[in-house]
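The structure is shown first.

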Amino acid sequence: MLNLNVNPCKMCMPMGAINALLGVKSCMPILHGSQGCATYIRRHISTHYNEPIDIASSSLTEEGTVFGGEANLLKGLRNMIDLYGPEIIGVCTTCLAETIGEDVSAIVKKFYEQNPDLNVKIINIAAPGYGGTQNEGWFSAIRSILEQIEPNKTHNDKINIITPLISPADTRWLKDFLTEMGIAFTILPDISENLDGATETKYSRLKTEGTSIAEISAMAGAKLTLEFSEEKNSPAEYLKEKFGVPFIKLPLPVGVRGVDRLIEVLTEIGGAVSDRIKKARGRYIDAMVDSHKYNAQVKAAIFGEPDFVHAMVRLCGENGIFPSVVATGSATAGLRKVLESEIDMCKKFHFESDAQILDDSDFLNIEKACSELGVNLLIGSSDGRRISRKLDIPLIRCAFPIHDYIGGQRTRILGFEGSLSILDQAANAMLEKTESTFRTVLHSKFFKPKAEDKTESHPCFGEGACKNARVHLPVAPECNIQCNYCLRNFDCMNESRPGVASKILSPEEAFERYVKLKDTIPNLTVVGVAGPGDALANFDKVRDTLRLIREFDPAVTFCIATNGLLLPLYASELKELGISHVTVTINAVDPVIGAKIYKHVNYLGKRYTGIEGASILLANQLSGIRMLSSAGIVCKVNCVTLKGINEHHICDVSKAVAELGVFMVNIMPHLPVKGSAFEGLERMSNKEIMILREQCGANIKQMTHCRQCRSDAVGTLGEDVSIELREVEKQAVLQAEKPMLFAVATRTGAVVDTHFGQANEFYIYEGDESNVRFVETRNVKKYCNGPQCDDKGDRWESVIHAVSDCDAVLALRIGPAPERLLKENGIEAIATYERVETAVVEAAKKRRSSYGIT
Amino acid sequence: MKTVLEERKSSICGNRDRGISCERESVSGAVSQRACVYCGARVVLNPITDAYHIVHGPIGCASYTWDIRGSLTSGADTFRNSFSTDLRETDIVFGGAKKLTAAIDELMEKTKPSPKLIFIFATCIVGVIGDDVDAVCRSAEAKYGIRVIPVKAPGFAGTKSLGYRLACDAIMNLIRPHAKQHKPQKRFGVNILGDFNLAGEMWIIRGYLEQIGVPVISTITGDSSYKTLLQAPSATLNIVQCAGSSAYLAERMESEFGIKSVKVSFFGVEDTVNSLLNIAEALGRQEIMEKAQKFAEEQALQVLPIIEKYKPHLKGKKAAIFVGGGFKAISLIRQFNELGMEAVVVGTQTGKKDEYEVINSLVNSDAIVLDDANPAELERFMTEKQADILVGGVKERPLAYKLGLAFCDHNHERKHPLAGFEGIENFVKEIYTSINSPVWKYA
């Protein structure tokens, strides 16, 4: 936004100034302003460095703001001297002090006059919060220190080192490196010890390390200044103008070019490259080669202070990393030019044309750019963590401030080792991503689910699977959309169509039903949830149900039917639950047509109607199916043909879903339901449906055996189109109509009183649940002699043969082995101690229900 | 080098018979641990989840308060963003009101769903440069028909406590017109005031209340929203958790909506149990009192073994406490007593006179009690009193570690609850782990 900074990518000038003052020996900073500034800055700095940070405040009050803060500042200076005994005090202004026009140098002068005996150097630094970012504050402080400390112009052999804000660990590296090269130097400021201190026996509340006054004075007599920055307010230029100290500006020593440039300059002034440095360089280049292919996958967003960003872009350029987004929170117009040539190089290598340079940016813009350009790595401070989490992009934390990790003071970017730490983190981020995703990515991309066994044996998906039974468990009462052809408040046992169930089951009840049915229907291979509402609108129940069943039966096939609205939300969980087949009802792929079919769509707590509702539904259906296909779940699309609404659109639907990898489409005629909005709609004839199926069959496999079954259907699937299958159906019906036969193990003929294995003869009964009739007795060879049962196969076979035309055998007890054998032959084994007639009636009832005839 | 400034002496009390000087502005140059008026206002209003909290001023204040607190939300997370008019040099010269108006316009135009509630925090220099923030807010309210509430919180105008007060006024400003217009029907139930749902603590407390049959109507401001705040006037009782920040709001609500209040604290077994019983008492229903007694007893029994497990390793250890408000310090002293520990240094940023009286009555006579302490004083007294652990905020942690003390983070950024029965285990474990860590053998 233009007038509103959303999630700042910068801090204020006092922050930078204080950071710099903390690198001066025996220096105590004070902020001339409100108490809060000091506290906020302390909190930020101490969290990053994990060090105690004391910053005084003049604690300006209402009165001070109106009449001037002189009294407060004078008192503050006195008090902080009493408490800390500093050699230097840095008085840093704030928004408030600058706005009310405080003349700090006059106040300081007065303080000196009032306290002639005090030996404290007071530096005043202008740092209005609105005047720039922490970067400007840092350099402003360095310049003020140089300007206000009495210079010692005597020539010395040292060089001056000025850097932007770098970590204590990097500062230590730089110092060690210069020493190793044999260069004498003064670095200002030096935060290496003060902000990453060791545990000492005696705690000193004043920071006693850092650049001393004497060292700072002598900077005026140094032989050279090296300044690792592009900053306009340049301390090096000041030293040149004022004291004639020549300077060289160079980028931060990051990457081969950065470090080589530093080595080159140092060599020119007499430095020597040690073997260790040569080896470090060699190792670094070796490591660059090792990781170059992984780094080539990186599309980075780099954000932070200008010099940091510049150094990182150069590092990217050398390593084949593409810097997609380069952002600073400060307004640094000059940076763009410097970055552009580097980024152009990267663009050429990657054949990329899109990279964004954002200056004076906030994180809202950075986030937008990251999404647009497909960034896969963030490099900067921990302020990027929210984007990291939101967009699921890893973040390398290597700049101030770091608040969510420990070790901000130890981050490294400088030198071969520092550069390598960034490269390793970048490469590892890519490796981690590949390692965790390549299996699923490649599976979904290249593995096309064949019509596997499960699909072939699924009664709704495999045409030859009519002999297999399925159960629809009515655990999903709620629906999140209203279709104009649907009425779900029906509750009639004679009604057979989708959306109807006579009773809603809890997950536990559904599980019990399954266990019972599995016992009576051996060919029960599929468990489905098809409403009566939407399976996903009741997903908690569905999940619980399927988990219970899966534990009991690892082999059973799971399928669900849904309108698809919540598919994107649950797709991955469906896979985890082991659901292999999903049917999605899609009646239109054009929201204008959809708007006529769907009265409303309830999504994420809001009700949408018309085209808006249809669009949301459609978008979710399509993306959901895409997710399912890529997860290897077999999808079927049901499409209800509505005369005058979508009958000319059906082929578009087929075509669209075919492209998403849908396995088959089921074009169904609309069943007009009384009371629904479409109750008056004329029904499509079977012939019309057949023609549609033929037309759409060019694009995708068609289902021709759908029976539009109930949400609590049990048993095998009938069908109504294929003549061949109709014959099967007829036979099934005949079978069902034929009186059932029961073999009863009984001695007396009155009560079921004989063990199956000990029965000499079986009483054969015929009948249904209302009427039973004795038919005959059948003698069988006794095949079992007491507990030591001889279970030779041929004997078993003969007994089974004797009862092979029966639906069930009733006996006092039946051993597990014969029970299994009976079951394999489609004969149910029923253990009971009832009167024969009663037992047979009960058995008949049970068999009826298992055939799915109600 | 001194450790205690002359002016600070009256705020430090090593003898409980003497009074303590508190509720006054920080001493210049003393390195106070306090933040400012803006901070106080911001932290109280911050957890209003669907509000746009716009900081009108230069960038610093917005940058330093971006999502720094662990307040959790069950709804919007707008509050986790930082919005600022990011005033620059030219705005200081020519005034920032135009930019503020433009910022609101832009927000209204570009944000979907469109904002319903905006707070404008005016920081230090806004008043100085003469921006009429009230006028900008009024005209934005008229233009968009939403609530745009000014919170004029220049840092210099007082202490953090003033900021709390300004936030409370802003909340009243939000709910008052709605209450006047709609005359809310009284319902049996309570509002939870002064809980910011840090690490879900408000949810824990609300869960307790629901279990003892007390419906929670509105929460101020933990996990609240524009809509839920407007429900507040219909409650029968306010329970006030962070008294420092919200006692004033409770007073306002009592005088304007006739809602009585009861102060509570859910830190430690004793305070949690007492608070539940006090709430039940205040509601005056026998069945609730019975449920509360039963519930508190059951829960307290469950945490007892945890305390017993760690107590032998903590008994006799000395604690230093430096927290924001007095009420929390009181709870902590009691919590340490439950563990067989002794509070030897107790300080707060913005404690009140009556709270210090309670503190003084709870600690041993030689304990140090101090208001608005600074690092030098903490260092001296923690060393002198040989404290084993400091309980405090982020800024105090490195000091404790440098001095070789264990530390317990009782700040607003934490990601684990310390309140309620659930919090007790976290608290005790943290104290134990830090005090008994093997690292101290080497540090």
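Predicted model: local features only at pLDDT ≥ 70, side-chain atom pairs only at ≥ 80, totals over all residues.

Where in chain A is the place of Asn50(A)? Asn50(A) sits in the loop between helix 2 and strand 3 of chain A.

## Chain A overall

Chain A holds 29 helices and 30 strands. Of its 854 residues, 51% are buried. Among contacts in chain A with a separation of 6 or more, 71% are between residues 24 or more positions apart.

## A parallel sheet in chain A

An open sheet of 4 strands in chain A has the order 3-2-4-5, with parallel pairing. Its edge strands are strand 3 (56-57) and strand 5 (121-125) of chain A, each of which pairs on one side only. Strand 4 (residues 88-93) of chain A runs parallel to strand 5 of chain A, and 5 bridges join the two.

Helix 4 (residues 70-84) of chain A lies across strand 2 (27-32), strand 3 and strand 4 of chain A. The angle between helix 4 and strand 2 of chain A is about 155 degrees.

## A helix pair in chain A

Helix 21 (residues 567-577) and helix 23 (residues 610-630) of chain A have axes that come within 8 Å and cross at roughly 15 degrees. Because of that angle, helix 21 of chain A counts as roughly parallel to helix 23 of chain A. The crossing is right-handed.

Helix 21 of chain A contributes Leu567(A), Pro568(A) and Ala571(A) to the contact. From helix 23 of chain A come Asn620(A), Gln621(A), Ser623(A), Gly624(A), Ile625(A), Met627(A) and Leu628(A). By class, the contact between helix 21 and helix 23 of chain A has 6 nonpolar, 4 polar and no charged residues.

## Contact between chains A and B

The contact takes 57 residues from chain A and 57 residues from chain B. On the side of chain A, the elements giving two or more residues are strand 1 (5-6), helix 2 (35-49), strand 3, helix 3 (62-67), helix 4 and helix 5 (95-99). Helix 4 of chain A gives the largest share, 10 residues. The residues on the side of chain A that touches chain B divide into 22 nonpolar, 25 polar and 10 charged.

The two chains also share strand pairing: strand 1 of chain A and strand 3 (residues 83-84) of chain B pair in the antiparallel sense over 2 bridges. Here Val6(A) has Phe83(B) as its bridge partner.

## Sheet and helices in chain B

In chain B, 6 strands form an open sheet of mixed pairing in the order 1-12-11-10-13-14. Strand 1 (12-13) and strand 14 (406-409) of chain B each have a single partner strand, so one side of each is left without a neighbour in the sheet. Strand 1 of chain B runs antiparallel to strand 12 (residues 368-371) of chain B, to which 2 bridges join it. Ile12(B) has Leu370(B) as its bridge partner in strand 12 of chain B. Helix 17 (residues 420-435) of chain B packs on the sheet, touching strand 13 (389-392) and strand 14 of chain B.

Helix 13 (residues 326-338) and helix 14 (residues 353-362) of chain B pack at about 15 degrees, with their axes 9 Å apart. That angle makes helix 13 of chain B roughly parallel to helix 14 of chain B. Their crossing is left-handed. By class, this contact has 8 nonpolar, 1 polar and 1 charged residues.

## Local backbone features

Most residues other than glycine have a negative phi, and most peptide bonds are trans. Asn50(A), not a glycine, has a positive phi of about 55 degrees. Asn50(A) counts as partly exposed because it has 18 C-beta neighbours inside 10 Å. Ala199(B) has a positive phi of about 50 degrees and lies in the loop between strand 6 (190-195) and helix 8 (201-211) of chain B. With 22 C-beta neighbours inside 10 Å, Ala199(B) counts as buried.

The peptide bond from Phe400(A) to Pro401(A) is cis, with omega near 0 degrees. Pro401(A) lies in the loop between strand 14 (395-397) and helix 17 (415-446) of chain A. In chain B, a cis peptide bond joins Lys112(B) and Pro113(B), with omega about -10 degrees. Pro113(B) belongs to the loop between helix 4 (97-110) and strand 4 (117-122) of chain B.

Technical notes:
Residues numbered from 1 in each chain as written. Chains lettered and ligands numbered in written order. Buried ≥ 20, exposed ≤ 12 C-beta atoms within 10 Å, placed from the backbone. Contact = placed C-beta atoms within 7 Å. Pairing = 2+ DSSP bridges. Axes fitted to C-alpha atoms, helices over the stretch in contact; angles between N-to-C directions. Parallel < 35°, antiparallel > 145°, perpendicular 65-115°, else oblique. Left-handed = near helix turned anticlockwise from the far one by under 90°. Nonpolar A, V, L, I, M, F, W, Y, C, P; charged D, E, K, R; others polar.
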